[in-house]
Amino acid sequence: MRRKRMLENLDQDIEDHIARETQDNIERGMPPEEARYAALRKFGNITRVKEDTREIWSLGWLEQLIQDVRYGLRMLRRSPGFTAVAVLTLALGIGANTAIFSLINTVMLRLLPVREPEQLVELLTRYPGEPRANCCSWKSYEHFRDQNHVFSGLIGADDSRFHVHGEGLEPETVEGEYVVGDFFPVLGVKPVIGRLIGPEDDHIGAAGSAVAVVSWSYWKSRFNLDPAILGKRILVEDVPMTVIGVTPSEFFGLQLGFRPDIWVPVAAEPMIGHPSRLTSGRMGLKLMGRLRPGVSIEQARAEMAVLFQWTVAEITKTNQDPLLRQWKIEVEPAGAGFSRLRDQFEKPLLVLMAVVGLLLLIACTNVASMLLARGAARQHEMAVRVSLGAGRFRLVRQVLTESLLLSVAGSLLGVFLAYFGANALVRIMASGRQIVGLPPHLEIHVRPDVHVLLFAAGVALL
């Protein structure tokens, strides 16, 4: 806090000491100029004395770091062209990597916000020559649910779109899902208010199944977080449904790119669907199970392969396709949700990640070359600093500080570009979703943390 005054006092003390020594030399018969030169020579390196004194006063490493940062900023400001090119080069490399990594994280790595997601698996069927799919009939679901010994719970869901209106609600069509009664209990999702759909609501055709659960975002946008939503009746496809609860804000469903606003029991489908897909056997459920404690995924695969033969036998009663005998069921980890998008975009995203990784390597190499050329042009400056008493370590630290400033600036600008780049990439891909199948409202969470820090450290070392 008194640094400026202390430095002024130090300068004054040094000057007083040299003046007294000069006066003593004059009294010994030396000329004034020679007397002062002798006093300076006897005192030694004034700059080194000041630095040693400042180290005693405070944390020397912190003070030197601040000095290095200030000097580095001045040097970068004196070369705006070099600084702009280096920062933009790093920003493009880091921004591209961050954007693609964020997309990979969203599609392939981010776990569901449910209880112990690593225990979740999904049941996929593979018809010869076709990509695998997650779609089973209601009868197959009941057979798997009742006969298996490897799952503590087996759930099913079917995507839909509902026309919703009611008192205080503008008529609109929203994303929704039919779910079985064990859906929320097996996932371990807790309501914000009220309760969620449970086994007691899973009685086909019963009046008690006319209930609905809404998402937190729907509750906020349509009801302004009003707790009075509990017990409110809304019309889903003109069928009165009682709202019994609200899901947590972090729960976005089980399928990436599909965010349901309303969940209703599968048992309510005969009241809503005309004609009913459930009673006609045309409803396809996406299945997900939670492994029992101590049960491995290999054990689940072995048991489900046996149980699936019942489904094959049922279908071949009415369908004589010989390839049905080669129809298989697969059990895969589903901690990140259903695998449709992962299966479709895993390879393209990994290839794209490799490409932008190469782009970052090229960017780092270019910046390293620029820094080497800049270092060669600063030989005279470094020689002057050495003559003033700077050590090799201090010079290396100064150069690394300038490199770190460039990498930090490039990282910050790269994250900024990544935020818009990731969402722009999704919009471009979504514009052709009829071809690639990407949902138009895929929500990307930019992850600049570990990824950018690792690249920034690498750039600083270069």
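Predicted model: local features only at pLDDT ≥ 70, side-chain atom pairs only at ≥ 80, totals over all residues.
Helix axes are lines fitted to C-alpha atoms, for helices over the stretch in contact, and angles between N-to-C directions run from 0 to 180 degrees. On that basis α6 and α10 pack at about 140°, with axes 10 Å apart.

Residues are numbered from 1 along each chain as its sequence is written, and side-chain values use heavy atoms, without hydrogens or water.

**Helix packing**

- Helices (H or I, at least four residues) and strands (E, at least two) are DSSP runs, numbered from the N terminus.
- α6 and α10 cross in the right-handed sense. A crossing is right-handed if the near helix is turned clockwise from the far one by less than a right angle, and left-handed if anticlockwise.
- The axes of α5 and α11 lie 9 Å apart, at an angle of about 160°. α5 and α11 are therefore roughly antiparallel to each other.
- α5 passes α11 in a left-handed crossing.
- The contact of α5 with α11 has 25 nonpolar, four polar and three charged residues. Here Ala, Val, Leu, Ile, Met, Phe, Trp, Tyr, Cys and Pro count as nonpolar, Asp, Glu, Lys and Arg as charged, and the others, Gly among them, as polar.

**Cavities**

- A cavity is a set of points on a 1 Å grid over the protein atoms alone where a 1.4 Å probe fits but cannot get out. Grid points are joined across faces, edges and corners, and a volume is the space filled by probe spheres set on the points.
- Four cavities of 30 Å³ or more are counted.
- The largest cavity holds about 80 Å³.
- Its lining has 13 residues, and T106, V107, L256, A336 and G337 are the closest to the centre. Lining residues have an atom within 4 Å of a point.
- α5 (80-109) and α11 (340-377) each give two or more residues to this lining.
- Eight nonpolar, three polar and two charged residues line the largest cavity.

**Second largest pocket**

- A pocket is an open set of points with protein on both sides within 12 Å along at least five of seven lines.
- The second largest pocket has a volume of about 440 Å³.
- Of its 21 lining residues, S137, W138, K139, S140 and G281 are the closest to the centre.
- α6 (138-147) and α10 (297-316) are the elements that give two or more residues to this lining. α10 supplies the largest share, five residues.
- The lining of this pocket divides into nine nonpolar, eight polar and four charged residues.

**Strand pairing around β2**

- Two strands pair if DSSP finds at least two bridges between them.
- β2 (residues 151-166) pairs with β9 (residues 286-291) in the antiparallel sense, over six bridges. I155 has M288 in β9 as its bridge partner.
- β2 also pairs with β3 (residues 169-179), antiparallel, over nine bridges. There the partner of V164 is E172.
- β2 and β3 form a hairpin with two residues between them. G168 in the turn has a positive phi of about 80°.
- Two bridges join β2 to β6 (residues 233-236), and these strands run antiparallel. V164 stands opposite V236 in β6.

Methods: Parallel < 35°, antiparallel > 145°, perpendicular 65-115°, else oblique.
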